[in-house]
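This report covers aromatic contacts, the nonpolar core, an annotated repeat and the confidence of the model. The sequence and structure come first.

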Amino acid sequence: AKKDFGTLRGSGWSSRSAVDLTPHKRVATIGNGGLAKGRAYVAGYAASQAATASPRPSSFHERNFRCRQNLDTLSLRSLRLADGPLPLADDRYSVLSEQLDAPGHRQLYKSQAAGGFGRSFAFERQLSAGTAAKAACDWLDGAEGPPSRTIRAPAMRTLQRFQSNNRSRLSAGSFGTVPVGGGGAFLGLGEHGSRAPSVRSLAESGHHLGEPRAMEMYNGHGALLGHHAGGFDDIDLPSAVKYLIASDPNLQVLGAAYLQHKCYSDSSAKKQARSLQAMPKLVKLFNSPNQEVQRHATGAMRNLIYDNAENKLALVEENGIYELMRTLREPDDELRKNVTGILWNLSSSDNLKDRLARDTLEQLTDLVLVPLSGLGGSGVIQQNPSEAEIFYNSTGFLRNLSSASQQTRQKMRECHGLVDSMIHYVNSSLEVGKSEDKSVENAVCVLRNLSYRLYDEMPPSSLQRLEGHRRNAGGTVTGELVGCFSPQSKKAREHYLNADIVTFTEVSKDPKGMEWLWNPQIVGIYNRLLQRCELNKHTTEAASGALQNITAGDRRWAGVLSRLALEQERILNPVLDRVRTADHHQLRSLTGLIRNLSRHARNKDEMSTKVVSHLIEKLPGSVGDKAPPADVIVNIIAVLNNLVVESPMAARDIVYFDGLRKLFFIKKRRDSSDNEKSSRAAASLLGNMWQYTKLHRDFKMKGYRKEDFLSL
């Protein structure tokens with residue numbers, strides 16, 4: 001059999017975002033597909049290891065592919081690595097996953113919290129600058145949080161309140177005012193009983209309400225409102241910015257509310273506000289002693305930075321991150337929603353991610369993630385609708401950060417309580433049937449991103465414990481892949497099996513922090529997500545991508561977790577169920593996972609009977625057939641090749657399910673660079689199939705000759 005065949009450069013990594021929470025009960029310890037107790041889990045795994053030991057070599061596949069420029073593995077969405085070109089990779093890294101829609105497409109997510117908050121979130125998609133040399137870095141960025149959750153602009157209630165009170169005072173013939181509610185509104189001393197008519201959004205109405213000219217008094221300062229009977233409709237941006245530095249908090253509220261409203265969807269207003277130095281003035285109001293001022297200042301800032309990179313940078317340069325983290329300590333949910341929304345919006349800028357991780361992670365984990373995930377205290381998720389939105393914003397923020405550089409990923413892994421909070425929230429949500437929850441989606445995407453290149457980036461001491469005695473001093477694998485079809489000795493197999501069980505038992509005990517990312521129990525959590533999450537395809541894609549990450553490569557522990565997934569978790573059936581109905585984005589992570597499992601599976605014959613027919617069905621057989629992306633085709637062919645080199649049943653099933661026709665079609669299709677890669681992969685697989693002489697008669701009956709199989 002040929003050792004090499006061309007494969008495809010990875011086209012991206014993956015992840016995704018978004019809240020639908022009701023109070024959750026305490027996380028339970030489970031025996032079936034869940035967080036089982038360590039001993040039972042270990043005993044089951046040890047028994048399966050001993051029972052399924054096979055005299056076959058653990059796998060055969062191409063060992064070194066130095067011709068590729070990019071990693072062909074691991075899933076990580078929204079990832080833009082800023083640390084230079086990717087290293088060369090071989091087949092031990094299987095395909096990466098992408099997820100979303102076409103570049104630049106805005107998708108709408110809607111969520112409904114337990115207490116009734118409804119919100120639609122427009123997610124901003126951005127393509128990274130990709131060239132041929134950076135093909136593996138072409139993916140879509142994580143999304144910003146939305147600026148508002150109502151049809152009207154977010155500050156209109158405040159403006160209407162001011163305007164309504166102004167009209168009431170005018171009709172009563174009085175200019176005196178009485179501050180109400182912390183300076184947020186004024187009541188006329190001689191107000192009429194009839195309500196003032198509602199005011200349309202200033203951004204949408206071109207007319208003014210018919211009112212007489214009015215002079216409003218603020219602590220002795222006169223502000224002329226409405227030369228043309230327009231009331232507060234005559235406020236402009238320069239006036240609003242000036243109000244931010246007034247001594248009266250009522251003027252500050254009015255100025256911030258107008259900015260919040262005006263910058264809701266007006267990009268030119270955002271630019272003008274920045275030129276008027278609104279950014280530093282708003283930052284100074286984040287920690288005003290007046291809560292109403294704080295709310296509107298943070299609300300205005302959230303709108304100002306949405307989809308505006310210059311304003312984001314200006315906020316950071318004005319020491320805004322420090323002030324935001326101070327504000328996050330306030331016991332006011334509306335304020336905390338604004339702060340976490342600002343952080344989420346900031347995190348969509350690649351150049352700010354590392355700084356945000358450095359300045360926010362520990363405080364955000366202590367103030368939001370641990371208490372709201374249920375990890376602290378009673379261990380039960382108890383969130384009101386506002387807290388659900390705060391947690392949702394925070395996990396969206398983490399999701400974007402986790403797609404940054406290796407340094408940021410490592411800082412997130414090491415942040416005390418962060419990984420534990422994500423695991424606890426996901427597992428608790430599964431316990432109460434909330435697998436479709438949007439914060440679960442965010443959390444699983446964070447875990448997926450943090451598992452990217454895990455074995456290369458984990459602490460050396462942890463890696464050494466996972467590797468055990470499997471590797472010699474030179475770093476080469478001993479006792480594996482001795483030859484194309486050469487079996488291992490019984491003594492060697494028993495030795496490594498015992499070492500696997502010892503290490504498995506040790507690692508399974510009480511995982512904490514980043515240890516969760518490679519702990520055997522995490523496989524059960526991902527498996528339950530694949531089985532129970534029916535509607536949110538982003539969550540299931542993230543779960544399969546995380547499994548792909550932790551089973552990728554030729555590390556010993558990748559093989560241990562692969563065999564655990566196959567033999568104890570029985571994960572192949574739910575994965576194949578997903579393959580039947582998956583779209584192209586999901587197929588990337590699913591076929592990448594199957595590719596990893598096929599390399600590490602002990603019983604290739606059994607796996608062949610389950611997967612060959614499903615995978616052959618996805619391959620194109622003629623010009624008119626609907627074909628998946630080239631990297632999915634390469635993944636599928638790689639799975640078949642992994643099975644064929646050790647299982648005659650795989651070769652037989654490929655013939656039986658009309659796979660030869662499709663493979664020869666793919667082999668002859670070389671009209672593009674992507675098709676060239678899949679063509680080389682098909683040629684290698686066909687060459688390996690020819691090694692089974694008992695199938696030559698079947699080949700000839702279908703009209704194929706030796707030259708067809710062995711020619712390139």
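## Aromatic cluster and pairs

Phe664, Trp690, Phe699, Tyr704 and Phe709 form one aromatic cluster in this predicted model. Rings of Phe, Tyr and Trp (its six-membered ring) count as a pair if their centres lie within 6.5 Å; planes under 30 degrees apart are stacked, over 60 edge-to-face, and the rest tilted. The structure holds nine such pairs.

One of them joins Phe391 and Tyr425, with 4.5 Å from centre to centre and 35 degrees between the planes, a tilted arrangement. This pair links distant parts of the chain: Phe391 sits in helix H12 (residues 385-401) and Tyr425 in helix H14 (residues 418-431), 34 residues apart. Helices (H or I, at least four residues) and strands (E, at least two) are DSSP runs, numbered from the N terminus. In the pair of Tyr704 and Phe709, the ring centres are 6.4 Å apart and the planes at 85 degrees, so the pair is edge-to-face.

Buried means under 20% relative accessible area, exposed over 50%, and partly exposed in between (1.4 Å probe, protein chains only). Phe391 is buried at 0%, and Tyr425 is buried at 0%. Tyr704 is buried at 17%, and Phe709 at 0%.

## Nonpolar core

A nonpolar core is a set of buried Ala, Val, Leu, Ile, Met, Phe, Trp, Tyr and Cys residues joined through side-chain atoms within 4.5 Å. The largest one has 144 residues, and Leu259, Leu315, Leu398, Leu418 and Met689 have the most contacts inside it. Domain 1 (232-348) and domain 2 (603-711) both contribute residues, so this core lies between them. The domain bounds come from an automatic or database assignment.

Leaving aside residues up to four places away in sequence, Leu418 touches Leu361, Thr365, Leu369, Leu398, Met412 and Leu450. Contact here means heavy atoms within 4.5 Å.

Over residues 319-350 the chain is 72% helix and 0% strand, with the end C-alpha atoms 18 Å apart.

## Confidence and conventions

pLDDT is the predictor's confidence in each residue, from 0 to 100. The chain has a mean pLDDT of 73, and 61% of its residues reach 70 or more. Confidence is lowest in strand E5 (residues 214-218), at a mean of 30, and highest in helix H15 (residues 438-450), at 98. Over residues 50-143 the pLDDT is below 50, and this stretch has 363 contacts in the model beyond near neighbours in sequence. Where pLDDT is low, the predicted coordinates should not be read in detail.

Residues are numbered from 1 along each chain as its sequence is written, and side-chain values use heavy atoms, leaving out hydrogens and water. For this predicted model, local features need pLDDT of at least 70 and side-chain atom pairs count only at pLDDT 80 or more, while totals for chains, interfaces and linings use all residues.
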